[in-house]
Number of protein chains: 2
Amino acid sequence: MSFLSHLESVVSQVDGALACSVMGFDGIAVETHHKAPTADLDLSTIWIEYANILTQVKTAAELLKTGAVTELSINSEKVITLMRMVSPEYFLVLALSPTGNYGKGRYVLRMTAPKVKAEL
Amino acid sequence: MSFLSHLESVVSQVDGALACSVMGFDGIAVETHHKAPTADLDLSTIWIEYANILTQVKTAAELLKTGAVTELSINSEKVITLMRMVSPEYFLVLALSPTGNYGKGRYVLRMTAPKVKAEL
């Protein structure tokens, strides 16, 4: 199974999913699956910024001794964003509409992260 | 009802809650309720760092046109942290044990934020 199949599977399982990607902490997407164009949201740019924030959260976790970061979620009026660590270099990011199924999104990302990791 | 009563109410309603606080974006806690001492976690320091991250997320939201940020969650091996906006200057932060009730925590913060806002 390729990354893309995993990403398509995530998007198809979660109500309100807009797009899912495997990204590096440098903000570069390895693979992305968009359900449909999101005209008013520039997800690529949003995700680059969020990758930067996630990097800071990771660094903070080491200093603050909270244990490794597993998950970050940033919810705003127009988009819910869930991020789940895959490895020290990569993470999964899922964009949902504000009415999307947040709980299911978290669950599916948690189940998918080890499958993606196995293929890295 | 004072802030403290709201914070006590949040902590008592959510399984696994460790502490809850009303904080300013400058990282200064207005009021905090701890359920019990958390010997291995310096929550005050963690929250100052997270307030800084939340400020960056807010600024990014304006640039990225995602609409206002409503919620941020940072989950690590030792602690789950939920943050919910109350006003442009203040937010609620809730620390949970990693096995705490995440969904209930989100719900209770969402219900509590307008009550806290009404008293600011």
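Me: How many residues does the contact take from chain B and from chain A?
Reply: This is a predicted model. In it, the contact takes 27 residues from chain B and 27 residues from chain A.

Me: What area is buried between chain B and chain A?
Reply: About 2,400 Å² is buried between them, and carbon and sulfur atoms give 59% of that. On the chain B side, Leu64(B), Thr66(B) and Asn75(B) lose the most area to chain A, together 23% of what that side buries.

Me: How many salt bridges across the interface of chain B and chain A?
Reply: The rule finds zero salt bridges there. Polar contacts are another matter: 15 residue pairs are in polar contact between chain B and chain A, counting pairs with both residues at pLDDT 80 or more.

Me: Which elements give two or more residues to the side of chain B that touches chain A?
Reply: They are helix H2 (43-64), strand E3 (69-76) and helix H3 (102-118) of chain B. H2(B) gives the most, with nine residues.

Me: And by class, what does that side of chain B have?
Reply: It has 13 nonpolar, eight polar and six charged residues.

Me: Switching to the inside. Which residues have the most contacts in the largest nonpolar core?
Reply: Leu72(A), Phe91(A), Leu72(B) and Phe91(B) do, in a core of 50 residues. A second, separate core has 38 residues, including Ile80(A), Leu82(A), Leu94(A) and Leu96(A).

Me: What is Phe91(A) in contact with?
Reply: Leaving aside neighbours within four places in sequence, the partners of Phe91(A) include Val22(A), Phe25(A), Ala51(A), Leu54(A) and Met85(A).

Me: Where is Leu109(A) found?
Reply: Leu109(A) sits in helix H3 (residues 102-119) of chain A.

Me: Is Leu109(A) buried or exposed, and why?
Reply: Leu109(A) counts as buried because its relative accessible area is 1%, and the cut-off for buried is under 20%. Among the residues that Leu109(A) touches, not counting those up to four places away in sequence, are Val10(A), Cys20(A), Leu82(A) and Leu94(A). Leu109(A) and Cys20(A) are 89 residues apart along the chain, yet their C-alpha atoms are separated by 9.6 Å.

Me: Over to Ser21(B). Buried or exposed?
Reply: Ser21(B) is buried, with a relative accessible area of 0%. Its place is in strand E1 (residues 17-24) of chain B.

Me: What does the side chain of Ser21(B) make a polar contact with?
Reply: The side chain of Thr32(B), at 2.9 Å. Leaving aside neighbours within four places in sequence, Ser21(B) is also in contact with residues including Leu7(B), Trp47(B) and Phe91(B).

Methods
Residues numbered from 1 in each chain as written. Chains lettered and ligands numbered in written order. Predicted model: local features only at pLDDT ≥ 70, side-chain atom pairs only at ≥ 80, totals over all residues. Heavy atoms only, no water. Core = buried A, V, L, I, M, F, W, Y, C linked by side-chain atoms within 4.5 Å. Buried < 20%, exposed > 50% of the residue type's maximum accessible area, 1.4 Å probe, protein only. Contact = heavy atoms within 4.5 Å. Buried area = accessible area lost by both parts, 1.4 Å probe. Salt bridge = Lys/Arg side-chain N within 4 Å of Asp/Glu carboxyl O. Polar contact = N/O pair within 3.5 Å; in protein donor to acceptor, adjacent residues only side chain to side chain. Helix = DSSP H or I, 4+ residues; strand = E, 2+ residues; numbered from the N terminus. Nonpolar A, V, L, I, M, F, W, Y, C, P; charged D, E, K, R; others polar.
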